[in-house]
Amino acid sequence: MIRSIFLVILLATSVAVTRAAEPPNVVLVAIDDLNDWVGCLGGHPQVQTPQIDKLAARGVNFTNAHCQAPICNPSRISMLLGKLPSTTGHYFLAPGFRDVDVTRDAVTMFQHFRAGGYRAESMGKIFHGPADAASFDHVQRSRGLRRPPGKTEKLRYRVPGSHPAWDWGQVDFADEDQRDYHTAAWAAKRIPELAKRDEPFLMAIGFHLPHVPIYASKKWFDLYPLETLVMPPVPRGDLDDVPPIAVQLSLNPTAPRYEWMKDNGEDKHAVQAYLASISFVDHLVGMVTDSIAAAGLDDNTIVVLFSDHGFHLGEKNKWAKRSLWQRTTRVPLIVAGPGIAGGADCDAPVGLIDVYPTLVESCRLPVPEGLDGHSLDGLLKDAASPWEHPAICTFGPGNHSVHSRHYHYIRYRDGSEELYDHRTDRDEHRNLAGDPKLAAIIAEHRQWVPADDAPMVPGSRGSDSPLYGEAEGLQKAMKRGK
C-alpha cells in the first residue's frame, strides 16, 4: 500500500516536472476600444465582468498599464513589433507596417515565436486590418454579424460628416450570430486540438467590441437599466485648464460631439450600450479561459488579456479615443499562468510595449535586439518588485504622455504641458502644470519624453486631427475602418 502511494506521488511529481520543463503555450486575448471599465480596475462602479475578474484573480492585474498610441493601427504595430511609435514613425491609422520600407521586413512577435518552434494561429482583430500572413501558421477567417442585417439608415447618430460605424443600441439577433461569438467559439474548440500536437502553440484572438458599432442583445442591456445608470463625471469647464493644442489634437471629425450627445439624450444610451457590450465580451472571454481549463492547460499556458487603447464616453467633453488623457491611454492588462503570482495588483507604470519581451523571456526564447519595452518577469513573480520605467504614449510626433506611479505628464509639440496627480485626481480634472511647487516633478517626467521622434512614415494619414493631414486623406482612412 505504501509502495503504491509512493508510486502515485512519484508519477505526479514526474508529470509536474515534465510540464515545467516544456515551453508554455500562450493565448493572447485582444479587446478593441476597452477602457478601464472592468471590475478589477474599478473604472465604472456598475460594470459586470466576472470572467475577466476571475482571470485577474489568478494572475497579475496591471492597474497602471497604458497603450503606446491612442488609436488602433500604431498601438498594435508598437506592441507586436516591440517598438515605440517614435522609433518607427507609425503614428496614425495608415499605412500598415508592411507598406513602408522602415518596417516592411520587421519581425513580429508571432514570427519570432514561430522561429522558436511555436505554432501560431489567429482569429479576429489582432492587427489593424487583415492579419499579417507571415505571422501565423493559420488564420481563421472572421465571420458573423457586426451590425443588424439591412441596417443602413436608422442610425442613432447620423449627421453630416459622421461615419456609419457610429451607432449603438440593443439588437434582436442572437449572441451566437455575432462575429465576436464566432471568434470565441472557434478558439474554445481549437485550443484543446492544438494541445494534442507535439509543438507549443501561440493563439491570438481579437474581439471587435466594444468598438463602434456598439451592439448587444437584450440580456446584456438588462444588466444596466437606464434609470439607474451611473454616468461618467464631466465637471463644467473641465477643458478650461488644458492647452488649446490638446483640444485640437483630440478632435475627431467623424465622432459625435459632446453637446449633441447630451442635448439629444444619447449619452446615456451610448454608455448603456458600451457597458452591455463589455459584459458580452466578458462572457466570450470566459468561453476561452474555460476551454483552457477543461483541456488541463492552466498549468502550462500563459494568458494575456489586453485592450489596444481606452475610450472616452463624455470625459473631457469628448467621445471616442485619440487623446493623451488617461481615459484613452489606460488599458486592461492581465497576465496569468505558470510561475505567475496569483491575485496580485501591480501599480507599476507599464505598457503594451512590454508584452513582447515578457513573453519571450517567459517562454525561454532568445531576446531580439532593438526592443523598446522591458520584461515584466520580475513583476509577474512579485508585483512589488522594483520598476524604474515609465509608460509612454504618443499621438503624432512631438506629443507624448508619460505615466509614473503617481503622476501623469503630457507634453505637446508646441511645448504646452499638463500634469495630474492620480493620488488625489484620478479623473484628471485639475491640470497642475502651472504650479511652481511641482517644477521638479515636471522636470523629472520631462526627461522621459522621446528626444528624437522618427518622422511620419510615407503615406501617414488617418490622425483625424486638424493638426495632421487633409480632410480627404482622413476620410479615406476612415473608410478602411478604425
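Helix 2 (residues 50-57) packs against helix 10 (residues 266-294) at an angle of about 45°, and their axes lie 7 Å apart. The structure is a predicted model. The protein has 482 residues, of which 57% are buried, and its secondary structure comprises 15 helices and 18 strands. A search of the whole structure turns up two cavities of 30 Å³ or more.

**Helix 2 against helix 10**

- On the helix 2 side, the contact is made by P50, Q51, I52, K54 and L55.
- Helix 10 contributes D282, H283, V285, G286, T289 and D290 to the contact.
- By residue class, the contact of helix 2 with helix 10 contains four nonpolar, four polar and three charged residues.

**Largest cavity**

- The volume of the largest cavity is about 40 Å³.
- Its lining consists of V304, L333, V335, V355, T358, L359 and L376.
- Two elements give two or more residues each to this lining: strand 12 (333-336) and helix 12 (355-362).
- Helix 12 provides the largest share of the lining of the largest cavity, with three residues.
- Six residues of the lining of the largest cavity are nonpolar, one is polar and none is charged.

**Second largest cavity**

- The second largest cavity holds about 30 Å³ of space.
- A30, R76, M79, L80, I126 and F306 line the second largest cavity.
- Helix 3 (residues 72-81) gives the most to this lining, namely three residues.
- The lining of the second largest cavity has five nonpolar residues, no polar residue and one charged residue.

**Overall contacts**

- Of the contacts in the protein between residues at least 6 apart in sequence, 74% join residues at least 24 apart.

Notes
Residues numbered from 1 in each chain as written. Predicted model: local features only at pLDDT ≥ 70, side-chain atom pairs only at ≥ 80, totals over all residues. Heavy atoms only, no water. 1 Å grid on protein atoms, 1.4 Å probe; cavity = no way out; pocket = protein on both sides within 12 Å on 5 of 7 lines; lining within 4 Å. Points joined across faces, edges and corners; volume = space filled by probe spheres on them. Helix = DSSP H or I, 4+ residues; strand = E, 2+ residues; numbered from the N terminus. Nonpolar A, V, L, I, M, F, W, Y, C, P; charged D, E, K, R; others polar. Axes fitted to C-alpha atoms, helices over the stretch in contact; angles between N-to-C directions. Contact = heavy atoms within 4.5 Å. Buried < 20%, exposed > 50% of the residue type's maximum accessible area, 1.4 Å probe, protein only.
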